[in-house]
Amino acid sequence: MTEAAYPITETTTAAHEPAGRRPRGFGSIAIFAALIVLAGVVLIPILATALNGFKELGDLQANPLGLPHVWVWKNYWDVLTGYRYWQVLGNSLLIALLTVALTLALSSMAAFAFAHLRFFGDRYLFSYLQLGLLFPVATAILPLFIKIRDLGLLDSYWGVILPQVAFSLAMAILLLRTAFRQLPSELLDAAMMDGCGYFRYFFYVTLPLSGPILSTVAVISFVNSWNGYLLPLVVLNSESRYPWTLGLMAYQGQYMTSWQLVLAFITLTILPAILMFLMAQRYIVAGLTAGAVKA
Amino acid sequence: MSTVETSYVEPARRMSANGWTTLVVFLPPALLLFTVFVALPMAEAAWYGFYNWDGYNRPEKFIGLKNYGYLIGNATFTRSLINNGLIIVVSLLIQLPLALGVALMVAGRIAGAAWFRMIFFLPYVLADVAAGLIWRFMFDGGFGLSSVITGALGLQPYYLLADKNWAFSAVLIVVLWKYFGFHMMLYVAGLQNIDPSLLEAAEMDGASPFQRFWHITLPLLGPMIRLSVFFSVVGALQLFDIIVPLTGGGPFETTNTMVSYLYYFGITRMRVGFGSAVGVVLFLICVTFAFGYRRLFMRDD
């Protein structure tokens, strides 16, 4: 599954339309209607969540899927002016950014070594790292917890970041090594001839030419970290360090029966992801699907 | 997910001193982190699985295969396995055909195709936890969608998430809602790589739309379908984040998956040995599937 450069990036932007002609007449209307219905089914839960955050509990109970009778801004306002919301988002952002930075640094260096250097046992080492693709974090979560505890990283950001990086390495190294090898080998030959070492080649040629694949890796590891739940759940105890996924569950646990508050909190916590998605849709779709396809 | 590659041969280049320095600087950080946080814990899971251990001091109470033996007869664990199986069945029998059908609709030049693709993909970017909580509201018999339906029919409020016979169907609905857009996007990408002239040629030869789909589109989508099946199964095996906010494994432990079983019965009770054994079982299932599937179906891809 390693086609040239980017099978999905250009295509999802409808650069060239695929096989088949524009459906006409009745068929086209039926398809359009079916798509509208399906889009409604997909969007209603999200829209209902956002709208219900504007209701009083009574209004919410009487009329869960309609517009609010009276728009209550207080639910949202209280979340936005409290420190809790900003704290969980800040924690998530910090954890995700450090995870992405470390993943990019470690995986690009290792992938470069695997792409260009021949050494004893290189294939075995590469296969060893690829074992990480075979199983999810959950399988080893208890021994991992013990390890994190013994290293003194329990209830710290690093206790979440380092395992996240470790588990994203396999996929990242695989994607990057393939991409690094697809750079023209004449470049490396010429650079070596001119006395440029591997270090400078890596920083001045490989990395600048690998923007798209590096951003794919970044998108995958950012989204995984941002949405991560199990690992922080096991590692973190203090609410002051909770990422938004844990913060959301804690908030729900506290205001269990006041759905209007919980729904406002959900809306505001998923808002960054939705905004990012709308703004950088092409890159995110390409990153998440291309990563899957190429691996 | 390729393992040892044989096809690529780097032109023989003697490893220079510069090459060695690079290797020594570039490789160890990744290897170290991977070994400490991925490989060792997995190996330790195999070891701890033979012990009855609460995580303090060192594992000393060796109990052989008792942890595994306990799992075999355990009704809750069996139910978890069945639930994982149900997710796989629904993914393959409902989600994949739906995703493929929708992909065929939105890959064409229907009005607003790009918008539809975006809308269908949107749930995939939301965290499972948020999706689970949103649907917990939707299924809440006193408030959400569920109350609208029972209200319209003049029925008593119905609490699906508290119904031990049907609660797991709620999990299946959320999985469908959240993941079909991802698979649709895979198929859209696959469809866009099909050469349109093949379909035009077939059309000129008088092939019906169904024949064109069955004999051209479907076979050419083969690699993408195999990939999509692979992700469905792997994703189904590790499902956890949706369970916690939606049902918490209840009612009466009927909605656990293997990972939520591991969480509720291993982690929260600090039964390290037992939880490790569950992890090992999950590991074996994942690895057997990954290798078996790739051997059987993905050799040419």
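Modeller: A:Asp155 counts as partly exposed because 15 other C-beta atoms lie within 10 Å; a residue is buried if 20 or more other C-beta atoms lie within 10 Å of its own, exposed if 12 or fewer, and partly exposed in between, with C-beta atoms placed from the backbone. This is a predicted model, in which local features need pLDDT of at least 70, side-chain atom pairs count only at pLDDT 80 or more, and totals for chains, interfaces and linings use all residues. Residues are numbered from 1 along each chain as its sequence is written, while chains are lettered from A and ligands numbered from 1 in the order in which they are written.

The loop that holds A:Asp155 runs between helix H7 (141-150) and helix H8 (157-182) of chain A; helices (H or I, at least four residues) and strands (E, at least two) are DSSP runs, numbered from the N terminus. Although A:Asp155 is not a glycine, its phi is positive, at about 60 degrees. Most residues other than glycine have a negative phi. In chain B, B:Glu253 is not a glycine either and has a positive phi of about 55 degrees. B:Glu253 sits in the loop between helix H12 (243-246) and helix H13 (258-267) of chain B, and is partly exposed because it has 19 C-beta neighbours inside 10 Å.

Chain B also has a loop between helix H7 (145-152) and helix H8 (167-192), and B:Tyr158 is placed there. B:Tyr158 is partly exposed because its C-beta neighbours inside 10 Å number 16. Leaving aside residues up to four places away in sequence, B:Tyr158 touches B:Gly141, B:Ser146 and B:Thr150; two residues are in contact if their C-beta atoms, placed from the backbone, lie within 7 Å. Between B:Tyr158 and B:Ser146 there are 6.9 Å from C-alpha to C-alpha, and they are twelve residues apart in sequence.

Chain A has 15 helices and zero strands, and 47% of its 295 residues are buried. Of the contacts in chain A with a separation of 6 or more, 79% join residues 24 or more positions apart. Chain B has 14 helices and two strands; buried residues are 43% of its 301 residues. For chain B, 67% of the contacts with a separation of 6 or more come from residues 24 or more positions apart.

The contact between the chains takes 90 residues from chain A and 92 residues from chain B. On the chain A side, helix H2 (residues 25-52) gives the most, with eleven residues. That side divides into 65 nonpolar, 19 polar and six charged residues, where Ala, Val, Leu, Ile, Met, Phe, Trp, Tyr, Cys and Pro count as nonpolar, Asp, Glu, Lys and Arg as charged, and the others, Gly among them, as polar.
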